[in-house]
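Hi everyone, thanks for coming.

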Amino acid sequence: MHARITGCGKYLPQRVLTNSDIEKMVDTSDEWIVTRTGIRERRIVGDDEATSTMAVAAGREALEVAGLSPSLLDMVILATNSPDRITPASAAMVQHALGAPKAAAFDAMSGCSGFIYALVTAYQFIATGAYKNILVVASEALTRVVNWQDRSTCVLFGDGAGAVVVQANEHATDMLSFVLGNDGSGADLLYVPGPCGKLSDTSRDGHYYLSMDGREVFRFAVNALAEASRQVIGAAGLNISDIGLFIPHQANARITQAAIKSLDIPSEKVFINLDRYGNLSAASPAVALCEAVEQRRLKEGDLVVLVAFGAGLSWAAVVLRWQPKA
Ligand code: UT7
């Protein structure tokens with residue numbers, strides 16, 4: 001059975017934290033953050049919100065756009081690196097809040113590549129004929145585990161959620177190719193410890209802060225973005241010039257610029273919302289896809305590449321021929 005994305009949705013929390021707000025918290029400057037990262041502001045999850053509540057809002061919007069009742073969902077996959085609780089999966093809360101009693105539900109954790117991992121997984125369930133209607137959501141509240149005294153990480157991340165509905169389709173599959181990868185030798189370069197790790201690895205004071213070797217991740221990221229893009233476009237039998245829109249993981253403008261330069265992609269073909277949201281981790285490509293559709297940067301039949309990298313160290317990419325209408 002073929003599969004297609006039939007609706008996108010997103011949710012960004014209301015509270016905006018600008019670079020000048022962060023200037024009052026740590027020794028940094030708007031100038032440093034903008035020139036070294038491209039980020040101007042980010043959203044911060046509200047006290048009464050969480051990864052699951054943002055996922056529900058984004059999921060609802062995607063279901064409305066697709067015109068699909070949640071009661072018909074066969075599966076909910078939630079990509080996140082900041083689940084509400086260690087167990088159960090936050091997808092369980094999302095399934096219940098949406099009113100999807102028939103749906104299987106689980107979380108997918110693959111760093112910032114998680115949305116694309118989850119998307120590819122959804123297509124496999126539809127391709128086998130097992131399921132017809134799947135909600136893939138990516139939602140992050142990583143600012144809850146950012147150390148607000150560490151200027152090298154606290155300026156980077158923001159909160160939010162994006163979602164797509166993937167449905168069985170008789171005519172054609174919109175996903176032309178995919179690439180998924182991981183190099184666990186870099187697992188220590190970007191991580192959030194938890195209470196169940198080795199005692200030497202867990203927090204003594206109840207805080208579990210995100211830790212990152214920025215320079216090493218930067219080096220990996222430029223290569224991962226470029227290589228995954230080359231591979232996925234080649235696997236679809238296409239040339240880079242055939243692609244209408246690139247939606248890279250929004251982590252650092254310098255990473256994106258270096259990767260698109262090595263691929264010889266003109267900047268007008270690259271979607272950017274990093275300046276407004278910072279790094280949304282797994283939610284980044286999902287929110288960007290949703291905004292590209294809203295801004296009419298994607299038209300019926302266009303070829304689009306989604307490509308991401310992140311903790312793991314992981315990478316993932318897909319080529320889609322955008323055709324959300326039946
Ligand atoms: O989605 C997952 C992935 N994560 C990423 O993609 C992050 C990848 N890495 C990066 O984006 C960059 O490495 C950072 C933005 C994290 C850092 O930029 P950088 O150009 O690699 O800076 P750096 O780590 O080499 O540090 C340069 C200087 C240092 O000072 P000294 O040692 O040269 O005196 C840092 O202490 O910049 C300093 N610095 C800051 N200064 C002002 C680091 N953070 C800040 C800051 N404000 N916020």
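This is a predicted model: local features need pLDDT of at least 70, side-chain atom pairs count only at pLDDT 80 or more; totals for chains, interfaces and linings use all residues.

Residues are numbered from 1 along each chain as its sequence is written, and side-chain values use heavy atoms, leaving out hydrogens and water.

So, which residues come nearest to the ligand? Of the 23 around it, those are T28, R36, R215, N252 and N279; "around" here means a heavy atom within 4 Å. By class, that shell has 11 nonpolar, 7 polar and 5 charged residues; Ala, Val, Leu, Ile, Met, Phe, Trp, Tyr, Cys and Pro count as nonpolar, Asp, Glu, Lys and Arg as charged, and the others, Gly among them, as polar.

Now some side-chain N or O atoms. T28 has one 2.6 Å from a ligand nitrogen. For ligand oxygens, R151 has one at 2.9 Å and H249 has one at 2.8 Å.

On to the elements, which are DSSP runs numbered from the N terminus (helices: H or I, at least four residues; strands: E, at least two). α7 gives the most to the ligand's shell, 4 residues.

And what lines the largest cavity? It's L225, S229, F246, P248, T256, A259, I260, L263, I265 and V307. A cavity is a set of points on a 1 Å grid over the protein atoms alone where a 1.4 Å probe fits but cannot get out, and lining residues have an atom within 4 Å of a point. α8 supplies the largest share of that lining, 4 residues.

Methods. On a 1 Å grid over the protein atoms alone, a cavity is a set of points where a 1.4 Å probe fits but cannot get out, and a pocket is an open set with protein on both sides within 12 Å along at least five of seven lines; lining residues have an atom within 4 Å of a point. A polar contact is a pair of N or O atoms within 3.5 Å; within protein, one must be able to donate a hydrogen and the other to accept it, and residues adjacent in sequence count only if both atoms are side-chain atoms.
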